[in-house]
Structure formats: C-alpha cells, structure tokens
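I opened this entry to keep track of what I looked up. The notes are in the order in which I checked things.

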Amino acid sequence: MSITKKRVIFLDRNENQYGPAPACYRVLRRSNKSTLKDYSRDFTRGVISILSERLAKDYGIDEKKILLGYGSEDILKESVQCYINKGDKIMIPSYSWWYYKKIADEAEGVNIQYPIVEGENTFSYDVEGMLKIYEEQKPKLVLISSPNNPTGNRLEIDQLHYILGKIKDSVVVLDEAYSMFDPKYNTNPVELIQKYPHVIIIRTFSKYYGLAGIRTGYAFLGANHERLSLLSARYLGFNRLSEKLAIAALDSPEYYIRIRNKMSADREKLFKELNKFPGFRAYRSYANFMLVKIPVEIKDSLKKYLTEKDIIVKFMNEDGLDRHIRITLGTHLQNRRLIMLIKSFMKEKNRT
Ligand SMILES: Cc1ncc(COP(=O)(O)O)c(C=O)c1O
C-alpha cells in the first residue's frame, strides 16, 4: 500500500484530524515577503518572540518563563540534554511514549521505570510506588506525562501537587501535550511553576490546535531553569510563519471548543462500541486517542484488513502492551468508518 495515497486515514500518530482553525489558513494566504525573507527582530526588542509574548500575556506571567521549541519534542530533548550527563538517572513511566527512552539513551542517561498499573477499564499512576522508587533511586530528572501516551490516563491535580511537593530534589518535566482535550482539567501551569521551581511544564500546538506540521511547542519554566532558558534562546528568532499560525489558533477558541466537544462525544461512543466486540477492552482516555486490548489471535489479520481498507491505527509492540492498538480519534465520519470496518472484520472472522 502506498502511504502517499490521499484517502488513507491516519489514526496512528495522535494528530487532530479536524485540522486547525480557519484563521490559520488566512494567515497562510496573507503571509508576505517579509515574513519569509527576514529574520524576526524580536530578540532585539528584548523578547523571545511574538508567540512567547502572547502566551505570557494570556497566562499573566513574565515572558522569560516561557520557552519555545520545534514541537514539544524539541523541548523534551533540550531539557534532558541540559540536565542529564552520562550515567545520570531519569525516571520514566513504565508505559509511555516510546520516544522518552530514546531521548534518555541519546543523553546516555540511565532509564528507571516507575509504575503505571492496569485496572478494569483504565490505567493509573501508582503514586506511592513511584515515590518509593524516587526515594531509592534519587534520579536527576523525572518525566511525567499527563494525560499519558499511550494509556490515556492522567494525574489528578491534587496528585500532581502531592508528587511535586515530594520530588523536590530533581528536575520534573511534566509533559502536557494532551491536557487541553478536557475543559475541566486545568493544572494551572503558572501556579505550578510558582510553587515548584524545579518543574518544567511542556505543551504543544500539535494536538489540540491541530498544528502538528508547524512544529511548535512551548513550556512554562520554574525558577530553577534559567540555564535551560538561556540555552534555548535563539538570537535570530523562531519560525515566523509558525508563530503567526499559532497566534491565529489562540485567537480561535470557539472553533477549538466546538471540535473538542465533538471529539469528547465520539470518544465516549468509541469506548462503548469497542467494548462490545468479543475479547476487546477499551481503556478510558483523557486524550485524543484510546488504547484498546484486542484478542492476540486477530492482531495480524486486523492490521492487514484495516491497512487494505486505507485506515491506519497503531498496533503496539511494547512489553506488556503487545496485544494492544492505539486509535487516534478521527473526525466523526472517520470514527464511524473505523467501527464499521472492525464490525465487518469481526463478522468475516466468525464466518471463517
Ligand atoms: C506524550 C507526547 N509528548 C510530546 C509529543 C510530541 O509532540 P510535538 O513535538 O508535536 O509537540 C508527543 C507526540 O505524539 C507525545 O505523544
């Protein structure tokens, strides 16, 4: 199958299938020669960029507390590279984005796992288990992902405060790439960085804002992270077009609330529908994806079937998650198509 075919539906990388707000396309149409040919002059104005300026204004904090990067991937890497030397310990959730381990390896860090445990229809952080490992291992850096990819669970706000209050002697990187999909979940990054100077809170325009292609992420820095802020500063500025696109997205809250509501309703439907298939177990998720355990004997044939029908979901291979698929929520129509296809697959399977 050629993956360049237009009609292939990619539900494997947690992109937002609705795409960005209309205002972003207007920015593209109106971008002018200067945006393309000139460097940003923001550095000489004493700010990082128009985007960090805007985020600082929205959140009511000093612009120096905002860090920008080429996606949150970039900021994760910079944080690890800044603090981890060969042999330093990094704590990473047992089930997590595979890339965390790679980032730790690149810095020659020693990767220590802490537990995320499976329940009936949900995964959860084992907070006491995590703190016990922390006390034993005294790592230099602790990575927390909330909501976590691929398990979809998150830490509640009181749990976050509890953990941050205990893990005081390490750098804590809190990856909130998916935190905006639930309007009721506001970890209040400004309060967190003011209370916990060791924390770095990372967010992105890739997921909620549907702008994965512009590679723009940002972080809120606690007071201990001046060095990281200096290391990531760019005299010649950031991508000027991306900055404008991100600001257009920030200016379009109604659009994003509308699609978030659609996605929440669809996530609930998908959860119910998937749990009806014999041997399937869908897990509750607070993000724009859902982890699903499937009968191991259908793994290969389901993958082949969906791929032939031009729909790609992620078939997991990680330890402990090797009979699982991770489905990115699509548009309403894409989700219906996926369920319809799994239904016909299961019907055919029962016949053979
Ligand atoms: C948990 C998590 N953090 C960060 C990222 C990186 O996102 P980006 O670099 O596009 O901001 C991803 C991408 O899928 C992710 O799953």
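**Basis.** I worked from a predicted model, in which local features need pLDDT of at least 70, side-chain atom pairs count only at pLDDT 80 or more, and totals for chains, interfaces and linings use all residues. Residue numbers start from 1 along each chain as its sequence is written.

**Domains.** I looked up the domain assignment, and it gives domain 1 (9-19 + 253-351) and domain 2 (22-250); such bounds come from an automatic or database assignment. The C-alpha centres of domain 1 and domain 2 are 26 Å apart. For the contact between them I found 24 residues from domain 1 and 22 residues from domain 2, where contact requires C-beta atoms, placed from the backbone, within 7 Å. On the domain 1 side, helix H11 (253-276) and S12 each supply at least two residues, and H11 gives the most, with 4 residues. That side divides into 12 nonpolar, 6 polar and 6 charged residues. I used these classes: Ala, Val, Leu, Ile, Met, Phe, Trp, Tyr, Cys and Pro are nonpolar, Asp, Glu, Lys and Arg are charged, and the others, Gly among them, are polar.

**Sheet with S12.** I traced an open, mixed sheet of 5 strands in the order S1-S13-S14-S12-S11. Helices (H or I, at least four residues) and strands (E, at least two) are DSSP runs, numbered from the N terminus, and two strands pair if DSSP finds at least two bridges between them. The edge strands are S1 (9-11) and S11 (281-282). S12 (289-293) pairs with S14 (324-328) in the antiparallel sense over 5 bridges, and Phe289 has Thr328 in S14 as its bridge partner.

**Strand S9.** Next I checked S9 (199-204), where 6 of 6 residues are buried, that is, with 20 or more other C-beta atoms, placed from the backbone, within 10 Å of their own. One side carries Val199, Ile201 and Arg203, the other Ile200, Ile202 and Thr204. S8 (171-175) runs parallel to S9 over 4 bridges, with Asp175 opposite Ile202. The chain passes from S8 through helix H8 (189-195) to S9 in a right-handed β-α-β crossover (clockwise from first strand over helix to second, strands pointing away from the viewer). S10 (216-221) is antiparallel to S9, joined by 5 bridges, and Phe220 in S10 stands opposite Ile201.

**Ligand.** Last, I listed the 13 residues around the ligand, the closest being Gly71, Ser72, Glu73, Thr204 and Ser206; near means a C-beta atom, placed from the backbone, within 6 Å. Helix H4 (71-83) has the largest share of this shell, 3 residues. By class the shell has 3 nonpolar, 8 polar and 2 charged residues.

Key: Two residues are in contact if their C-beta atoms, placed from the backbone, lie within 7 Å. A residue is buried if 20 or more other C-beta atoms lie within 10 Å of its own, exposed if 12 or fewer, and partly exposed in between; C-beta atoms are placed from the backbone.
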